Amino acid sequence: RDAEGQANFDRVIADDSRIEPKDWMPAAYRKTLLRQISQHAHSEIIGMQPEANWISRAPSLKRKAILMAKVQDEAGHGLYLYSAAETLGQSRDEMMDALIAGKARYSSIFNYPARTWADMGAIGWMVDGAAICNQVPLCRASFGPYGRAMVRVCKEESFHQRQGFEILLELSNGTPEQKQMAQDAVNRWYAPALMMFGPPDDDSPNSKQSMAWNIKRFSNDELRNRFVGMMMEQVKVLGLTLPDEEIRFNEETKKWEHGPLDWDEFHEVLAGRGPCNAQRLERRREAHDDGAWVREAAAAYAEKQQAKQSM
Ligand code: 3HC
């Protein structure tokens, strides 16, 4: 059964086709997908916090409405991704419990503080911009539910990135203080956004296998460099600069290059010792407890419905 299953799995991957939840798959394939998709879902949910802090402080009704819509989208992305992960055999409760217990990873980027309104622009333009760079190739991931979830997520991310760009453009064309606030936010979010793509390729234990299984289509460094190139074009339109003197386009390799990143800081953040890790988890725990009554009510209602149907 396993030999036949493995042969079929290998053929589907070789044909660059899709593995669906009911198909036989190697335990390690299931494990790495559960790992990545659950972490991706956690990132979306935790990622709501830095921006949620600014909904009540938005400078206009228009900005408040746009930011609310974006944060709601992120919640939806989390739900699609938890659903995709559940098809691999782990329940949402198990995934949520792991996050609440501080045992689950989520993207490093959300452990940084959003200090000013301009951070809403920098997060939209840079963090969602990086997310798009990373997520477009994931639309072709070999695991069906993940790839399909990414199609919808990427459509909404484009709106997130555009609204962030527009916030920065408005500030950059505003008073000198507003322009400085925008430049300060870009300076603070640049390096953490580049580290979102993961460690350098020679320090990325999952990449080789993940690429062999058509989950990861491009390496961490490849996508990071592509993202630097995208920002270099757009930052000129913003009339701002990126805080990295070493960015250049290498005519031989035809690749963008950037200055060194602080991987010690990255590993500190992953170890839970970043600027906001404790606060983000605390908030998640509070929200989970505050929402217990909703989950209980929904479960009680579902039970009643089921009892009615079986009468
Ligand atoms: N934050 C936290 N952990 C990270 C990380 C990051 N930015 N980058 C890497 N890691 C972890 C990996 O999870 C892995 O640890 P693990 O084995 O315990 O899971 C370890 O560091 C080594 O990294 P690898 O490169 O070997 O791991 P991957 O092959 O999984 O690559 C990745 C890392 C590129 C982030 C990949 O997991 C991925 O593409 N994930 C899906 C995308 C994602 O999670 N994006 C989150 C962005 S936030 C977001 O989308 C919200 C947006 O709407 C704003």
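How far does a polar side-chain atom of glutamine 135 lie from an oxygen atom of the ligand? I looked this up first. The distance is 3.0 Å. I note here that the model is predicted.

**Entry: the ligand**

I stayed with the ligand and checked how much of it the protein covers. On its own, the ligand has 1000 Å² of accessible area, and the protein covers 89% of that. I then looked up the surroundings.

Glutamate 74 came next. One of its polar side-chain atoms is 2.9 Å from a ligand oxygen atom. I also checked glutamine 39. An N or O atom in its side chain is 3.0 Å from an oxygen atom of the ligand.

**Entry: helix α8**

I moved on to helix α8, which runs over residues 176–195. I counted 20 residues in it. From first C-alpha to last, α8 reaches 30 Å, close to the expected 28 Å.

Where is the kink in α8? I found it at tryptophan 189, shortly before proline 192. The angle there is about 35°.

I then asked which residues of α8 are buried. My list has Ala182, Gln183, Ala185, Val186, Trp189, Tyr190, Pro192, Ala193, Leu194 and Met195. An α-helix has 3.6 residues a turn, so residues three or four places apart point the same way.

What covers the buried residues of α8? The cover includes α6 (118–138), α7 (144–172), α10 (220–238) and α11 (263–270).

**Entry: lysine 70**

I picked lysine 70, which lies in helix α4, residues 61–86. Is lysine 70 buried or exposed? Its relative accessibility is 1%, so lysine 70 counts as buried, since the cut-off for buried is under 20%.

I looked for a polar partner. The side chain of lysine 70 makes a polar contact of 2.9 Å with the side chain of glutamate 51. I set aside neighbours within four places in sequence and listed the contacts of lysine 70. They are Glu51, Gly124, Asp128, Phe159, His160 and Gln163.

**Entry: serine 310**

Last, I went to serine 310, in the segment after α13 (292–309). Is serine 310 buried or exposed? Serine 310 has a relative accessible area of 62%, so I marked it exposed. The cut-off for exposed is over 50%.

I also compared serine 310 with arginine 140. In sequence, the two are 170 residues apart. In space, their C-alpha atoms are 42 Å apart.

Terms used: Residues numbered from 1 in each chain as written. Predicted model: local features only at pLDDT ≥ 70, side-chain atom pairs only at ≥ 80, totals over all residues. Heavy atoms only, no water. Helix = DSSP H or I, 4+ residues; strand = E, 2+ residues; numbered from the N terminus. Expected span 1.5 Å × (residues − 1). Bend = angle between axes of the 7 residues up to and from the residue. Buried < 20%, exposed > 50% of the residue type's maximum accessible area, 1.4 Å probe, protein only. Contact = heavy atoms within 4.5 Å. Polar contact = N/O pair within 3.5 Å; in protein donor to acceptor, adjacent residues only side chain to side chain. Areas by Shrake-Rupley, 256 points an atom, 1.4 Å probe, with all protein chains shown as cover.
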